[in-house]
Amino acid sequence: MSRRYSTLLGLGLSGLGLLALPVLVAGTSGRDDLMVEVPAERRFSVAPLRSLASPAVSVAPARAVVRRALGPAEPGLELTTWTADYGPAYHREVTWPTLVGPFIDEDEFVCGYSVHAGAALFDTAGAGRGLAALLTRRLREKLPPSLDFPEYDVHVPMPALRRVELGVRLGPGRVSFSLELRFADGTRFALRRIPVKLGAAHGILTVSRSGRLAPPIFEGPLRNRLLAEGGERVALLGGLLGGLFGPLGVMAGVIAGDGVGRDAADSMITRGAEALATEKVDEALRELALGMARLTQPLHPFSSRPEDELMVAVAAEPAVSRSGITLPLCARLRVGAPRTDDAVPGPVALNQPRVEAPSSPAAALSLALNADALEQLMFYLWQSGGLGQLGTSPLVLEGLATEVREAAFDFRGLRPGLPPTFASTDHASGLPFVVGDVALGAMGAKTVVAHGRVDLGVASDHDAVTLSATVPDVRVNCVELEGGRARLTPCLADLLPLARDRMGARPRAYAWGSSELLAKLPALGFEGVRLELSTLRISTSMNPARLDVSANARFE
Amino acid sequence: MGLTASYLATFVVFTAAMMFGGWALYAAHGVRDAVAVIASDFVEPPPSRLPYLVRGLWSVLAYTVAIASVVVAKGREEKERAEAVTSAMTSSVMRVTLFVVVMELLTVLVVRAWEGGLE
């Protein structure tokens, strides 16, 4: 073969060799290690019932194995994961989240809350001092300068009110008030025992007298002057006086009733005074009950979201004991615009039994939430966009594994497309929540999404509240929506084991000062009385799942 | 042919040495199935890794032929002085190095183009 032909042959072989690479690469490219297609318009499914939870899917390769994250009977986020293994080195997986009902409509109340007010909170010489101050203020406002009855020619100047002592005693199933007024001239009026029963009707706390009043005590210069000025005529005024002075009606009625005693038997005086006092106490309690009803009016908890609406209702009769008052509550949380996604009808209904707030005689307010209440709060945080904001905050981003933040895709933070739901498991380092469809960023036309479980634990120590988050399970894949189908393919699969190890190995902890958190709460109070909270304590526990929040409290 | 066989032998020895080193590292860290993990790309590659395996094998063959050709061509050139031998060797090394660098970049571009990574 001549040199010329040899050269041509060599060039031809070289050209064929060069062309062979693109041909070979083209022939082996474009195949997914694992591909699952789900008929869906979104990156997730919502199934009101478990029987509707499994969509018809196409899976390649056929050897892919499917596993689910939740048990067959539980509502909540179900993570269906398909896996395909290529030797021991390459593990591929994709996950499809389905939110399984039943759901609680946003218009329904969730009765998973319990509030306990410690007995010391009603000690008017201590933490309840503000309550006595409020009563004193109201009495002074309503006190007339004199008791005038021109038709009877009775004019008695009203002495200045010097001191009001209010007492609240808690006993098994009952509340007892005592009231003592002391005037500047030395007059003293006292009701030693006002038995009151707390109840619940139509979601409103009811307050009513539960027994007879103890005989009132009225003594001093004012009584003597009334008797001297009006004599027997004053007896006719008992009913009228009651209506004039509101809270003082009790006293006025007793004053008048006592006037009868000038010429009548002592027992008759006592009965008359008691009857009038009872009437006025009942009237005052009805006013108090109306005030309680106003507490159930819709509230707007955040000024930045004026369309959000919170309503609170009493779930059952309060439990009164020597250590305090425990009030089971229901709450309705309506989320106004803007909303994250209307495809999710509401929080998942777990129908867990209510947990009781820890009973303590201390001057503290305690709030206990069961799993249903936690679901409601999580749903609110998600639907109102709070979780999305948190997921893109520096606080969370800096806590993420470096492998996730610096992975080769357009990372944009954590944006949950579904509300986290409570997961029942015995092996959790905190309150376990399943998260699904958490968008991490984009990879071309595909969205990188993560799913998994996050165990949230909260602990308090001195003046610090620490939130810890452990991620015992994390799954990542890509999803692309096209023509009514969601196409799931693996992505970041080779980084995932390392990120999974690092995230599961040690919890991320975030600490805040207790007073710093309390300062962010809106001002609590009524009628000029401030409820001051200090030393916030938060804890979580399982079996049953609950979150407890308590703080030292005092009325100022 | 001798040069071709030499390059292939070098490839085999080099690859075996890398696998041995990897096995030693994995064994020190207690990784199970160390050999199977290291050999996965050859034994059971996932579909997404096939283009890289094809590129690797193609590159080995291309380098085998190219390196042998360059060296033989330079070696067969007439040399009038002793320094010309050293010059030919140096020139061969430079050409081979340049070829390898160009081919590495080119083949990566080819694979990434088909993988969609250049969008």
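**Note on a predicted two-chain model**

1. Within chain B, the confidence of the prediction is highest in helix H1 (residues 2-28), at a mean pLDDT of 91, and lowest in helix H4 (residues 50-76), at 86. Here pLDDT is the predictor's confidence in each residue, on a scale from 0 to 100. Over the whole of chain B the average is 87, and 97% of the residues score at least 70. The model scores ipTM 0.78 and pTM 0.78. This is a predicted model, in which local features need pLDDT of at least 70 and side-chain atom pairs count only at pLDDT 80 or more, while totals for chains, interfaces and linings use all residues. Residues are numbered from 1 along each chain as its sequence is written, and chains are lettered from A and ligands numbered from 1 in the order in which they are written.

2. Chain B contains 5 helices and 0 strands, in the order α-α-α-α-α from the N terminus on. Helices (H or I, at least four residues) and strands (E, at least two) are DSSP runs, numbered from the N terminus. The C-alpha trace of chain B spans about 60 × 40 × 25 Å along its principal axes. Its radius of gyration is 19 Å, whereas a compact globule of 119 residues would have one near 14 Å. That radius is taken over C-alpha atoms, and the globule rule is 2.2 Å times the number of residues to the power 0.38.

3. How many of the residues of chain B count as buried? Of its 119 residues, 8% do. A residue is buried if 20 or more other C-beta atoms lie within 10 Å of its own, exposed if 12 or fewer, and partly exposed in between, with C-beta atoms placed from the backbone. Among the contacts in chain B with a separation of 6 or more, 52% join residues 24 or more positions apart. Two residues are in contact if their C-beta atoms, placed from the backbone, lie within 7 Å.

4. B:Ala24 belongs to helix H1 of chain B. This residue counts as exposed because 11 other C-beta atoms lie within 10 Å. B:Ala24 and B:Ala34 are 10 residues apart in sequence, and their C-alpha atoms are 8.8 Å apart in space.

5. The interface between the chains brings 19 residues of chain A into contact with 23 residues of chain B. On the side of chain A, helix H1 (3-28) and strand S6 (90-100) are the elements that give two or more residues. The largest share, 8 residues, comes from H1(A). This side of chain A divides into 10 nonpolar, 5 polar and 4 charged residues. In this count, Ala, Val, Leu, Ile, Met, Phe, Trp, Tyr, Cys and Pro are nonpolar, Asp, Glu, Lys and Arg are charged, and the others, Gly among them, are polar.

6. The largest nonpolar core has 88 residues, of which A:Val36, A:Leu374, A:Phe422, A:Phe433, A:Leu488 and A:Ala553 touch the most other members. Helix H7 (residues 371-383) of chain A gives the largest share of this core, 8 residues. A nonpolar core is a set of buried Ala, Val, Leu, Ile, Met, Phe, Trp, Tyr and Cys residues joined through C-beta atoms within 7 Å. Leaving aside neighbours within four places in sequence, the contacts of A:Phe433 include A:Met378, A:Pro420 and A:Leu456. A second, separate core of 11 residues includes A:Val164, A:Leu191, A:Ile194 and A:Phe218.

7. Strand S1 (residues 35-39) of chain A pairs in the antiparallel sense with strand S3 (residues 58-60) over 3 bridges, and with strand S24 (residues 485-489) over 4 bridges, again antiparallel. Two strands pair if DSSP finds at least two bridges between them. A:Val36 stands opposite A:Val59 in S3(A), while the bridge partner of A:Glu37 in S24(A) is A:Arg487.

8. Some backbone geometry deserves a comment. Most residues other than glycine have a negative phi, and most peptide bonds are trans. The peptide bond from A:Gly101 to A:Pro102 is cis, with omega near 10 degrees, and A:Pro102 lies in the loop between S6 and strand S7 (110-118) of chain A. A:His202 is not a glycine, yet has a positive phi of about 55 degrees. A:His202 is exposed, because 9 other C-beta atoms lie within 10 Å. A:Leu492, also not a glycine, has a positive phi of about 55 degrees. With 19 other C-beta atoms within 10 Å, A:Leu492 is therefore partly exposed.
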